[in-house]
Amino acid sequence: MNKNFCKNQEVLSAYLDGMLPEERKSRVKGHVESCPECSQIIREMEAIRRLLAEYPEKDPGVGFETAVLNQVKERGLPVSFRNWSRRISYSLGGLALFLIILVLVQRPSIQPPLEKDKSLELSRMVTAEKENSTLPATKPEISDKSVVLPGEVYPDQKSVKLKTEKQEVKQPELASETAVKKETARGGIALKSTDGPAIHPAPQNIVIRNKKDWEGIWLTQNLTLPLPKVDFRKQMVIAVPSIQNGQEYQVIKTEEKENLTIVYYQVIPLNKDTAQTILPPYQIKIVNTQPIVEFQQVK
Amino acid sequence: MNTNAPDFEVTPGLNFENVVYQEGKKVYNLAYRLCGNSEEAKDIVQETFMKAYENFHRFQGKSQVFTYLYRITFNIWKNRIRYKNRHPIFSLQHNGPEEKAFDPPDPAPPPDKILETEEKSSLVKKCLESLDPAERLIIVMRDIEGKSYEEITRVLNCRLGTVKSRLARARGRLREILSPHLKILK
């Protein structure tokens, strides 16, 4: 038995592909024919190669190449011109960017995107006591239907558009300990209380159905992590504030039913004496898309 | 196909638009076989052609176009893996349909079981996921696409001996993983 290449996978692999020099090839061939272990290895490699060769091609779909070309054209990338003209273009671009930043810095401070961005879908708990509620700087509109602006439209996604109706901001009232006001609409948010003592003011929960809003809320999280990918054709994002109205809110679980997702959360009163945890503004959960989302507080 | 698109005329006789139509599907298949995910593969292809377009004036036709594109695709995919490893995605729960943990092949199937095409594809996909990036590319190019050793060295920009040893190592690894199935495959 030749110890140089017996059961040597590298030699046998090269032999299988005909990549050995002629002289060595004939020696290896002679050995393989007489060595049961080496011939077993060769047979197994051949079987694996056959399996791999049968791996089918995948079709990217109709119009794929056109879509790629269109993207390249949209970017308008400069191609065959000299280095110096590219340098000038980039320098001008850099200068323009610098001027824009300079202008922005000179302007008064800009409010956080979330408060001014009315494209986000907001839920509003109307039974909150006035002193405990923390309204954003711009008063949200309360209506029987939630505000949903059309997001990015995919071919198979039905865009959801609802009209907003301006109504007066009503003062919340608690008729009884179990009083509840329900807001339900297509694409909207409903709230139901559980049996129990006092109802805590509900948090301003958010349901996100498009990439733009998702990017906006991710920015508020102040995390250095990249934006998690969400396929808004099939998924949506639930965002529950971590701390609001002097309470900490914790998402327990979500439950999917037909056309409905229920988000169960509990309230943890903040105690001055306990150590404060630094939390991102929202707890995020990516779930399968449903037209209606309910938020339920549990004990 | 518009062969008179001045935007894409970069080198005499070499039209970028033609390149996309001729090589797009090949590049997509390479990307898909590397990453195992069709959506990610499309992203990678898009990025590949963007980069290829940016640097097309440097491509002087000394090597085949697909070698140039394959190299870009491989580098983009490798960078994505590196980035994902350094920055794991934060989520309470992500029900992404294509994100599955590595699921090793089933142990010793019944001896008389014949593997259907889909089962074979699934098996191949799982095996590829077990290889490191360079090994995966080599196996895809050599054993799936039938490319030559020379072409592989040009894509990886390495020596012939390196390709040989990596290929052997990859095949050895596949032999270990597929040993319960090898009787059926033979």
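Visitor: In which helix of chain A do Glu22(A) and Lys25(A) both lie?
Guide: Welcome! This is a predicted model, in which local features need pLDDT of at least 70, side-chain atom pairs count only at pLDDT 80 or more, and totals for chains, interfaces and linings use all residues, while side-chain values use heavy atoms without hydrogens or water. Residues are numbered from 1 along each chain as its sequence is written, and chains are lettered from A and ligands numbered from 1 in the order in which they are written. Three residues apart, about one turn of the helix, Glu22(A) and Lys25(A) both lie in helix 2 (residues 22–34) of chain A, a helix being a DSSP run (H or I, at least four residues) numbered from the N terminus.

Visitor: What do the side chains of Glu22(A) and Lys25(A) meet in?
Guide: The N to O distance for Glu22(A) and Lys25(A) is 4.0 Å. The rule asks for a side-chain nitrogen of Lys or Arg within 4 Å of a carboxyl oxygen of Asp or Glu. Over all chains, that rule gives a count of 20 salt bridges. The side chains of Glu22(A) and Lys25(A) therefore meet in a salt bridge.

Visitor: How many salt bridges are there between chain B and chain A?
Guide: One salt bridge joins the side chains of Arg171(B) and Asp17(A), at 3.0 Å from N to O. Between chain B and chain A, the count is five.

Visitor: What area do chain B and chain A bury between them?
Guide: The contact (heavy atoms within 4.5 Å) takes 63 residues from chain B and 55 residues from chain A. Buried area is the accessible area (1.4 Å probe) that two parts lose on being put together, summed over both. Carbon and sulfur atoms carry 64% of the area, and the total is about 5,600 Å².

Visitor: Are helix 6 and helix 7 of chain B roughly parallel or roughly perpendicular?
Guide: Helix 6 (residues 149–156) and helix 7 (residues 160–178) of chain B have axes 9 Å apart and pack at an angle of about 100°. Among the residues in contact are Tyr149(B) and Ile152(B) of helix 6 of chain B, and Leu160(B) and Arg171(B) of helix 7 of chain B. Angles under 35 degrees count as roughly parallel, over 145 as roughly antiparallel, 65 to 115 as roughly perpendicular and the rest as oblique. That makes helix 6 of chain B and helix 7 of chain B roughly perpendicular.

Visitor: How are helix 2 and helix 3 of chain B placed to each other?
Guide: The axes of helix 2 (residues 38–54) and helix 3 (residues 65–86) of chain B come within 9 Å and cross at roughly 125°. Residues in this contact include Ile44(B) and Phe49(B) of helix 2 of chain B, and Ile72(B) and Trp77(B) of helix 3 of chain B. Helix 2 of chain B and helix 3 of chain B are therefore oblique.

Visitor: Which residues of helix 6 of chain B does helix 3 of chain B meet?
Guide: The axes of helix 3 and helix 6 of chain B come within 8 Å and cross at roughly 50°, so the two are oblique to each other. From helix 3 of chain B come Phe66(B), Thr67(B), Tyr70(B), Arg71(B) and Phe74(B). In helix 6 of chain B they meet Glu151(B), Arg154(B), Val155(B) and Leu156(B).

Conventions: Axes fitted to C-alpha atoms, helices over the stretch in contact; angles between N-to-C directions.
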